[in-house]
Amino acid sequence: MRVLIVGAGVIGTSIAYHLAARGAGVVVLEREAVACAASGKSGGFLALDWCDGTPLMALARRSFALHAELAESLKGDWGYRRVTTYTGGMGRTPALMGGAEPGWISPGVTIAGQIGSIATTAQVHPAAFTIGMMRAAEARGAEVLLGETEGLLRRDGDVIGVLFNGAALEANAVVIAMGPWSILAAKWLPLPPVFGLKGHSLVFQTGAAIPPEALFLEYAEPDGSMLSPEIFPRPDGTTYVCGISSESRLPIDPGLVAPDYGAIDRLKALCDRISPFLVKAPVLASQACFRPMTADGLPLIGVVPGTRGVYVATGHSVWGILNAPATGEAMAELILDGAARSTDLSPFDPARLAALDPDRVSVTRRLRG
Ligand SMILES: Cc1cc2nc3c(=O)[nH]c(=O)nc-3n(C[C@H](O)[C@H](O)[C@H](O)COP(=O)(O)OP(=O)(O)OC[C@H]3O[C@@H](n4cnc5c(N)ncnc54)[C@H](O)[C@@H]3O)c2cc1C
């Protein structure tokens with residue numbers, strides 16, 4: 001069995017790993033670089049039970065367990081560790097919480113409570129995890145090819161591969177895992193709409209003094225805009241902060257994604273109020289990326305409606321790093337065995353959104369040509 005996976009984000013590389021681990025031939029086709037988009041620029045926060053009570057519950061719980069297993073079995077160097085997680089706000093009343101609370105935050109930050117423990121919350125460095133999945137797949141025979149996937153190759157109506165850099169690549173199965181750029185595949189396939197929501201982030205060199213704690217805050221800017229910054233100190237001595245989103249257009253070339261004018265200054269001003277550690281720390285990265293979204297907020301994971309041998313896995317929104325491992329495992333089962341056993345994929349069946357076809361036109365307009 002030979003499988004072509006289009007897109008080397010965390011979803012594409014996780015599928016590649018699980019397929020290669022089961023002996024399939026895998027080629028990952030990436031336009032820019034492994035982990036160049038959201039999978040390299042996200043928070044990497046993981047939670048066991050924050051999706052409970054939603055259709056994502058089984059996928060998230062299985063993924064949380066797999067993250068621990070993968071870090072252990074592959075001796076992963078992607079900064080997996082358990083964290084204690086707090087919530088709070090800024091510029092309000094004195095701390096509501098007695099006892100233990102982050103000692104590295106500014107007095108103006110009010111901690112309202114602990115919302116995760118080392119039993120329920122964890123983190124990875126997302127770029128290192130995504131690259132780690134690809135390296136583990138390569139160690140099992142997979143390969144990555146850099147270049148542009150231009151369309152599908154068909155014979156007698158069936159998809160038999162892709163057109164890549166002007167050449168025909170044949171395979172038994174094709175997986176679309178292009179994150180928000182999966183919308184481009186809607187030109188080739190009856191895919192439900194996918195779009196991207198932009199998020200900005202900063203990475204600081206803060207040193208090793210900050211303990212393994214994550215923070216989710218609420219903050220009212222002087223003009224009344226509400227922001228929800230997320231702060232993740234990492235074991236490599238860096239601290240990641242995100243918190244400003246926008247509905248900016250998605251450029252077709254992933255290499256052209258850049259922060260909106262003024263967004264990084266707003267985020268830095270916010271960081272200066274969160275922790276004295278962030279005020280003077282060198283900034284290692286000022287960046288933006290697009291999380292892949294769908295019309296109903298749930299991912300698309302399964303067979304592309306009306307096709308044979310063509311699959312899609314995208315639309316993981318704010319939980320793509322968390323939910324990549326179980327997505328990869330279940331997709332490998334679907335492709336190799338004809339059905340997923342480890343996680344029920346029926347809530348994510350792409351056919352559920354096929355009826356929304358006309359919306360694809362307006363979503364396509366979000367792309368800059
Ligand atoms: C600010 C922010 C913070 C986040 N924090 C977290 C978090 O803490 N925890 C969590 O679980 N999730 C988080 N997420 C969500 C997570 O980052 C995404 O859900 C996830 O990275 C999506 O992965 P993906 O592989 O689907 O897409 P992407 O990472 O976008 O990868 C798609 C790949 O396809 C490639 N591609 C595009 N066009 C083509 C083409 N024509 N041919 C070939 N390849 C192509 C791109 O170059 C890219 O490498 C966050 C997202 C944002 C924006």
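I looked up which residues touch between two helices: L59, A60, R62, S63, F64, L66, H67 and L70 in α3 meet I321, L322, N323, A324, P325, A326, T327 and E329 in α7. Contact here means heavy atoms within 4.5 Å. The residues of this contact divide into 10 nonpolar, four polar and two charged. Nonpolar covers Ala, Val, Leu, Ile, Met, Phe, Trp, Tyr, Cys and Pro, charged covers Asp, Glu, Lys and Arg, and the others, Gly among them, are polar.

The model is predicted: local features need pLDDT of at least 70 and side-chain atom pairs pLDDT 80 or more, while totals for chains, interfaces and linings use all residues. Residues are numbered from 1 along each chain as its sequence is written, and side-chain values use heavy atoms, without hydrogens and water.

I then checked the packing of α3 (residues 57–73) and α7 (residues 320–337): the angle is about 90° and the axes are 7 Å apart. The two helices are therefore roughly perpendicular to each other (65 to 115 degrees). Helices are DSSP runs of H or I with at least four residues, strands runs of E with at least two.

Next, the domains. Domain 1 is 2–80 + 123–193 + 294–368, and domain 2 is 83–120 + 197–293. Their C-alpha centres lie 27 Å apart. I found 34 residues of domain 1 in contact with 30 residues of domain 2.

Last, salt bridges (a side-chain nitrogen of Lys or Arg within 4 Å of a carboxyl oxygen of Asp or Glu). The structure holds 14. R31 forms one with E148, closest N and O atoms 3.5 Å apart. These partners are 117 residues apart, with R31 in the loop between β2 and α2 and E148 in the loop between β8 and β9. R31 also forms a salt bridge with D253, at 4.0 Å.

Note on methods. Axes fitted to C-alpha atoms, helices over the stretch in contact; angles between N-to-C directions. Parallel < 35°, antiparallel > 145°, perpendicular 65-115°, else oblique. Domains from an automatic or database assignment.
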